[in-house]
Amino acid sequence: MASLLVLGFSALVSGAAIQQRDAVPAGFVAPPYYPAPHGGWTADWSESYRKASMLVSNMTLAEKTNLTAGTGIFMGRCVGNTGSALRVGIPQLCLQDGPLGVRNTDHNTAFPAGITVGATWNKDLMQRRGVAIGEEFRGKGVNIHLGPSVGPLGRKPRGGRNWEGFGSDPVLQAFGGALTIEGIQSTGVIATIKHLIANEQEEYRMWNLLKPGYSSNVDDRTLHELYLWPFAEGVRSGVGSVMIAYNAVNGSACAQNSYMINGLLKDELGFQGFVMSDWLAQISGVPTTLAGLDMSMPGDKNDIPLVFGTSYWMYEQTRSVLNGSVPIDRVNDAVTRVLAAYFQMGQDQNYPRPNFDANTQNAEGPLYPGLLFGPRGVVNEFVDVQGNHAEVAREVARDAITLLKNDGGILPLTKNASLKIFGTDAEKNPDGINSCADQGCNKGTLGMGWGSGSARYPYMDSPIDGFKARGATYQFFNTDSFPGNSNPSPNDTAVVFVTSDSGENYITVENNPGDRTSSNLNLWHNGDKLIKDVAAKYSNVVVVVHTVGPILMNEWHDLPSVKAVVFAHLPGQEAGNSLMQVLYGDVSPSGHLPYTLPVSEDDYPKSVGLVGYQLGQPQDTFTEGLYIDYRHFHKANVTPKYAFGHGLSYTSFSFSDATITPVTPLTATPPTRPAKGQTPAYSTAIPPASEAVWPANFPRLLRYIYSFLDQNDADAARKIGDSPSTYPYPAGYSNEQKPGPPAGGAQGGNPALFDTAYDISVTVTNTGSRPGKAVAQLYVQFPSESTVDTPVIQLRDFEKTSTLAAGASQKLNLRVTRKDLSVWDVVAQNWVIPAVGGDYGIWIGSSSDQLRLRCGTARGSCAEAASPGPNEPQLPGSATPTTDFGANTHYGCVIDVALVGQPNQGTRLFNGPFVSRNDTMSHQSCKDFCTFPSEAVPDAPYKYFGIEFGRDCRCGTNFLHDPIFSTQCNTTCLFNPAQLCGGQNVMDLWLNVDYVEPTNGTTTGTPTDGSPSSTPTGTPTDGSPDDGSPTGGPDDGTPTGTPTDGNPGGTPTSGPDDGGPTGTPTDGNPDDGSPTGTPTDGNPDDGSPTATPTDGNPDDGSPTGTPTDGNPDDGSPT
């Protein structure tokens, strides 16, 4: 209860606070998008919407508003509890955390965390884990599972909740999220994909006593190509619910960001389910309704949730409909969406009721713990829902274990190995495995991070349990300091267990308030020193790491004694046996990193550091754009400690016999989207006041939030609704439904985006002596013909083999879709293929830095690459040589590539310094040759460099090279120096990403102004949309035309969510963050029967100013 007291106190003193809103950077805006699109227009939800609309047509206003909000925090068994509509057969709906298991209950499974699932790179396991989680939530009577998490994406390596998701890549995250959703919903449980969107750090995320939550300022292209991508796949999988984030996006709070909810999610992505707030993330009433929020959780206002049971919705939503400040059409759509999801999952057919209580482990207790005094009864029935799920959990934990280093084949361990084991992480928390609420401590084996995404352990199978079960010969030192009595022996193998932890902001662990602010990326508990001390005394050291994400290893990684490094990630309850199977060689490790491991934190762009304290609203601007994790490392030409996707095995694999087959002919833009189908139709008349009045003799509970009004309040509100004056809806508001944007058309977007463009197959062969599994990772490299700045490579698909015996092979099938080959065009507001006829490079390999096969879409063939993947983007005229020309290979620097690839072969000549007949120079050394000044290249750097293969004359004054064959060729060159003869002339040509213009110091291909991307085809470069600059409206998301002032929807001061640079909106901005000044007493949404607000704000949340604290983090399912 301590956290509740803090919450209540901070809320109590918040009413008088006046929040300061800082301006978001120019060009980052949240344009208005109204009205909220109706649900039900896709065929795959039509039957559920038909059932829902039949019910809604017979429901009263109070019944509708009762189902779209919670009854109050700690006012029921579950972490969130809606009201009910029992007259029409709808019970209260139970919402419960979390992504890795049923939180705060008993007889459940504590599954491996999302980041561990991502490390398996195993689609089958992702889906099977989802099924198992769904079975447990259904078994406990939970209607709505608050997971999976695909936001944060992992942009910030120190981010507190990255571990809840599946990895720092949108495609890996998308597969993890979508397959989990499919598994969960196959059991009838409604899944919730969260947190929408750009919630990339914990600290300063929420509106509180001192300031608004931070604003994530993201350009439109980056938003679509990175952060929205996994949500699109989740929606395409049919997810029933989406949870919005605490933070603001481009200045507008996510809970009332109409562009994000109405425009992107419901219209462009065609989302058919319902949108809920994160716990206490709602900061107003009417604006959130109009912006498309469908469910308020847990129902309370974010000011004083523990005393009065006040709400922005429930009874206030009822009042707002009667007084005309909220159209009944919007409430009808919201409740229809909730009920459609209920019917879509079949929850009207014998679905169990909750049989547990998330507030206590006792059999009996208060039915409404939020009441100081209230009814008591049986609250926990201790239903065992574990089934055989431990097997799935163990398999996930085992398949995720990632072998980074294995010098001398020290692993696997021999059965009789003499072991010395160090580190408290090897054994269970001595205080008890669930002694810390929501796992808010790092003691003992680290199986998960902390916060609402955690679960109670039914047991913990620790590494020491695993060694015991093996009958291992070991001595365990349960300390994080090197003991003086370990008595090293030359025959010993030392195994050191170390950790790095993080979690959610409402708990601070060892000075880390969720994000790793104090620990940085270092190991906790002096882990670095422990490894070094052990390595100084033992000649064979194995390091086992349980971690939430990237760590730094430079202090000890290269020590001669450190022979092996194993990442076991966050294994949940199955930390022991799963690890033993790998350490002792029962199975070969098959996990791969779901993020990049740096050499130093300086390897990352500065913009992905944590945002610290700022006066006013903190601004977190995503100036790195598309370049996070491995995308950044490639662009910056930084060699990481271990690359994204890296993972070793006890055996070896080859990739061969790759094929590429075109499937769907491509065009620059996708085919026209399908039109929306019909949606439920209801009366738009304001309902009678009688639908809102308390039933006679209704037994009321203190603090319980209801949807009813007293008769006088209902009549007064209805009188306002009948008056000739109209409510001042925000500028740009309309009740007229839109046909939808070109990029929409179905769940997930235009269905043509997901057409398979190419089928790719590859044969994986176990070339070693042990059984094992391999992962084939497929990356796309955009063609040289494209003028759009894109990452060097981008993950687009992956598959994992079954266990292959030595010498065995398996054919894996992968695919590339239209969307995989597209970029988001901020002017056309659509996905476009920038070079339809270009040669997209389809790279296949075992990690992002080990790509040995390249398939070309233009040539329709695949071949083994000379180097393990592209290091720089190839340019026009590039081709992979089919013949080894040996001494006839030339390396050189190129000044002008304007005519490269033209019919005249002479234009392929190097026109800068070159090295002739050098068949030993590598791609990197050639790049260095053209980048750094030397006697041979005094005027370096050069913008381009290349390798030329061929039997040609190479005439020209700059080449100074005699013909290598044919008198005829020599004669031709003498008389016509511009003419080349000889034929087999092939060039590989690259843009030098390290090139700097001597005149102005601007890095070619790397904007110096923080711009995330370069100009798409046909896009101007002078500050109009997406010129790569954060000024002048870079990626403003305008659906039509070309804005001239950075505002995608027109004048910045006319929109409700423009992220306005001042704290005093003058035109009805409902999301001004609020507040400057106190509205007068007649806000139609505050219950007052007279007057209207003086500033046109439809709901500032309260007649006394916007509450500023209401810490939503006391056990919330955020």
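Reply:

On the side of helix 15 that is turned away from its buried face, the exposed residues are Ala536 and Lys537. This description rests on a predicted model. Helix 15 spans residues 527-537, and its buried residues are Gly527, Asp528, Leu530, Ile531, Val534 and Ala535. Viewed down the helix axis, these buried residues fall within an arc of 165 degrees, so they line one face of helix 15. The cover over them includes strand 13 (418-422), strand 15 (492-500), strand 16 (541-547) and strand 17 (562-567).

Gln439 is found in the loop between strand 13 and helix 14 (463-470). The phi angle of Gln439 is near 55 degrees, a positive value in a residue other than glycine. Gln439 is buried, with a relative accessible area of 9%. As background, most residues other than glycine have a negative phi, and most peptide bonds are trans.

Trp121 shows a positive phi as well, near 50 degrees, and is likewise a residue other than glycine. Trp121 lies in the loop between helix 4 and helix 5 (123-139).

Two peptide bonds call for comment. One joins Asp97 and Gly98 in the cis form, with omega about 0 degrees. Gly98 lies in the loop between strand 2 (94-96) and helix 4 (114-120). Another cis peptide bond joins Lys194 and His195, with omega about -10 degrees. His195 is found in strand 4, which comprises residues 190-196.

As for helix packing, helix 6 (residues 170-185) and helix 8 (residues 229-236) pack at an angle of about 25 degrees, and their axes are 8 Å apart. An angle under 35 degrees counts as roughly parallel, and helix 6 is therefore roughly parallel to helix 8. The crossing of helix 6 and helix 8 is right-handed. Helix 6 makes the contact through Pro170, Val171, Gln173, Ala174, Ala178 and Ile181, while helix 8 contributes Trp229, Pro230, Glu233 and Gly234. By class, the residues in this contact of helix 6 with helix 8 are seven nonpolar, two polar and one charged.

How values were computed: Residues are numbered from 1 along each chain as its sequence is written. This is a predicted model: local features need pLDDT of at least 70, side-chain atom pairs count only at pLDDT 80 or more; totals for chains, interfaces and linings use all residues. Side-chain values use heavy atoms; hydrogens and water are left out. Axes are lines fitted to C-alpha atoms, for helices over the stretch in contact, and angles run from 0 to 180 degrees between N-to-C directions. Helices (H or I, at least four residues) and strands (E, at least two) are DSSP runs, numbered from the N terminus. Angles under 35 degrees count as roughly parallel, over 145 as roughly antiparallel, 65 to 115 as roughly perpendicular and the rest as oblique. A crossing is left-handed if the near helix is turned anticlockwise from the far one by less than a right angle, and right-handed if clockwise. Contact means heavy atoms within 4.5 Å. Ala, Val, Leu, Ile, Met, Phe, Trp, Tyr, Cys and Pro count as nonpolar, Asp, Glu, Lys and Arg as charged, and the others, Gly among them, as polar. Buried means under 20% relative accessible area, exposed over 50%, partly exposed in between (1.4 Å probe, protein chains only). The arc is that of the directions from the helix axis to the C-beta atoms.
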